[in-house]
Amino acid sequence: MASFIERHPAWALIAIIAIAVVLWLVFAIWPPGLEAAFGRKRVFLNAVLNGITLGGLYFLVASGFTLIFGLMRNVNLAHGSLYLFGGYIGYAISSWTGSWILSFIVAFVVVALVGVILQLAVFRRMEGQDLRQTMVTIGLSIVFADLMLWVFGGDFYQIQTPSWLIGPVQLPLLTAIKSSGEPVYLQYPLVRLVIFAASVAIGIAMWLALNRTRIGMIVRAGVDDRDILAATGVRIQLVFVLVFALGAGLAGIAGVVGGTFQSLSPGEDTRFLLASLVVVIVGGMGSIPGAALGAVIIGLAEQLGSVYIPTYAIVVTFLIMVLVLALRPQGLLARR
Amino acid sequence: MSLLQSTQFRSDPAASATRRAFLRAWPDFQNPAAWIVALILVIMPLIASGFFLIEIFATTLILGVIALSLMFLAGYGGMVSLMQLTIAGFAGYMVAVFGVSGNANISLGWPWWLATPMALALATLFGTLGGALAVRTEGIYTIMITLAIGAAFYYFTNQNWAIFNGHTGINTVATPHFWGVDWRADIAFYYVTLGVAAICYFAVQYVSRAPFGLALQGVRDNSRRMAALGFNPNAHRIAAYAFAAFIAGLGGVLQVWNYRQISPGSVSVGACIDILIIAVVGGITRPIGPFIGAFIFVLLRTFALDVLIKFGLDGNRFRLLIGLGFLAIVFWSSDGVIGLWERWRQRNKSTATRRSGGHHG
């Protein structure tokens, strides 16, 4: 941090001012002039929180995508289908047993198994042929999408939020002061906060697993140079299968999350594929912290955009991608 | 004929050299099968009814032109771009926005001869800018970035009402009508698409043998070496994107004239991927591939329903069929139907020579 300030004093100053402005926007009570120009503070805070929690969901989807890409150089364009499949599995389980937690476990296991089958039966046969693998994932995404349309139809599904998570919670964030002098605090759905906390926990667990365990060391070495890693006697095919299972399973969990606070329908697979593409392009391919940063940026851009410039919201997301590609084509946190 | 003979008789070295160069540049002129196909395409209105002419052949040619632009990028430039349909759709939207349509509050009402070049120019610009973005990274990233561009455009058309009229799109787009001919009437429109497709086909074939195309193929095979030789690989790539965008734009203009409407559904991610499927199934090594792929695709799309029902299956599973067919092609023949055909012919030839050799021995 100190070395960054020494090297780029101007950028550091801009960053500090930006952070201060954001903190002031979040914690201060807005003066009437600002409210008149910018809308209510409650709307802004809701958009920010929605953006961050959506970022948590994007992180769950994109981290699996980036992990698979980083290790196996496999651009898995069927990742959105895995997300949607996980969501449908979660819906089926939660409406059958009524247990929300169980639906996560089953979705993770089932989608991870699909990932294992894909890696063993398909991608292993065409190792090193990036383009062909990508084409195969495109074909698979079409097949999966049609199979899911066949089984589940074109309806919207929403996974039932468990009763202990329903309802808003009061956050210690002031939105306004009533004329009577009574402070008004922000109300926010508990389930989104819990899910965000869970995705942060998963992110930290992944970071620890990658940086503090032996298997994580093998995976990181594989990201850097998988040929040398294979030459040292590591059973790299086993590592590939495990990583593919983990990445697919995370997409499955994300599907349950998305099905809980949004909805499941055909077309969601494409939406989340696009989100993971943009997130990993912005954050940097193959980098877990990059996926986290990219997910929060894209989530915030999407939510703030849809509140303040509704008909051009997607352009903001897209412009961020363009800017990153123009200034730092390898992504914000990629190492190369 | 006599002209050709006389040149051969004189055996003028310069003339025969130009002739040889001509034949090398246009190998189709030597191939009798190509002449037969061309003849059939020209007299098609005599054979086929209006439905077949437009729904099958004109649609094939339009999709073939769009897929041809992808074939040019992928086959000669090594860049698999998933945004070619997006460029085509953008051109279509621009025709609708600048030209005359049922949505008078959006369309500017320009005559077609002004709106169409404008749409083509803007589509080329769009494709060039997208290409300039995509060449910032290499190889497999191209697919991701172009897919992101395509998907972003789709969602943008869906949520923007000021220009793109949201998810309803723009309807009853006017088609050109001049010299007393309604160019959207079945036969006239068929010849328009045939003419455009032929021009695009020969243009791609010409460019692939021109110095620019050769340099592009050099960049595809080894961009470092080309850079060392003094070529600018990225400039060549971006120029290739511009050329491909123009072709895709032509296809998009034809498409909006064909359906007379355009909506986000026409630029959806699925449709972008369909173009890739068409090009890959046909074969991305030769310009004829995309047209073969488009023909197969259109036939499947039109008749899969009836055929599936006839076999007692669910008729709605057409996309499953397309997906499985695509997977099969990717698994067994990396250069598509053309590759299968060539391998089959080669095997026949080799068995034939073996048999004849055995006979003599």
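Biologist: Happy to start with a helix check: how far apart are the end C-alpha atoms of helix α14 of chain A?

Modeller: Keep in mind that this is a predicted model. Helix α14(A) covers residues 313-327, which is 15 residues.

Biologist: Nice. What covers the buried residues of α14(A)?

Modeller: The buried residues of α14(A) include A313(A), I314(A), F318(A), M321(A) and L325(A). Their cover draws on both chains. It includes α12 (268-283) and α13 (288-308) of chain A, together with α7 (112-134) and α8 of chain B.

Biologist: Which element gives the largest share of the side of chain B that touches chain A?

Modeller: The contact takes 33 residues from chain B and 30 residues from chain A. On the chain B side, the elements giving two or more residues are α8 (140-159), α13 (269-282) and α15 (318-332). The largest share, 11 residues, comes from α8(B).

Biologist: And by class, what does that side of chain B have?

Modeller: The charged residues number 3 and the polar ones 6. The remaining class, nonpolar, has 24 residues.

Biologist: Back in chain A, are helices α8 and α11 roughly parallel or antiparallel?

Modeller: The axes of α8(A), residues 190-212, and α11(A), residues 236-261, come within 11 Å and cross at roughly 165 degrees. Angles over 145 degrees count as roughly antiparallel. Therefore α8(A) is, relative to α11(A), roughly antiparallel.

How values were computed
Residues numbered from 1 in each chain as written. Chains lettered and ligands numbered in written order. Predicted model: local features only at pLDDT ≥ 70, side-chain atom pairs only at ≥ 80, totals over all residues. Contact = placed C-beta atoms within 7 Å. Helix = DSSP H or I, 4+ residues; strand = E, 2+ residues; numbered from the N terminus. Nonpolar A, V, L, I, M, F, W, Y, C, P; charged D, E, K, R; others polar. Axes fitted to C-alpha atoms, helices over the stretch in contact; angles between N-to-C directions. Parallel < 35°, antiparallel > 145°, perpendicular 65-115°, else oblique. Expected span 1.5 Å × (residues − 1). Buried ≥ 20, exposed ≤ 12 C-beta atoms within 10 Å, placed from the backbone.
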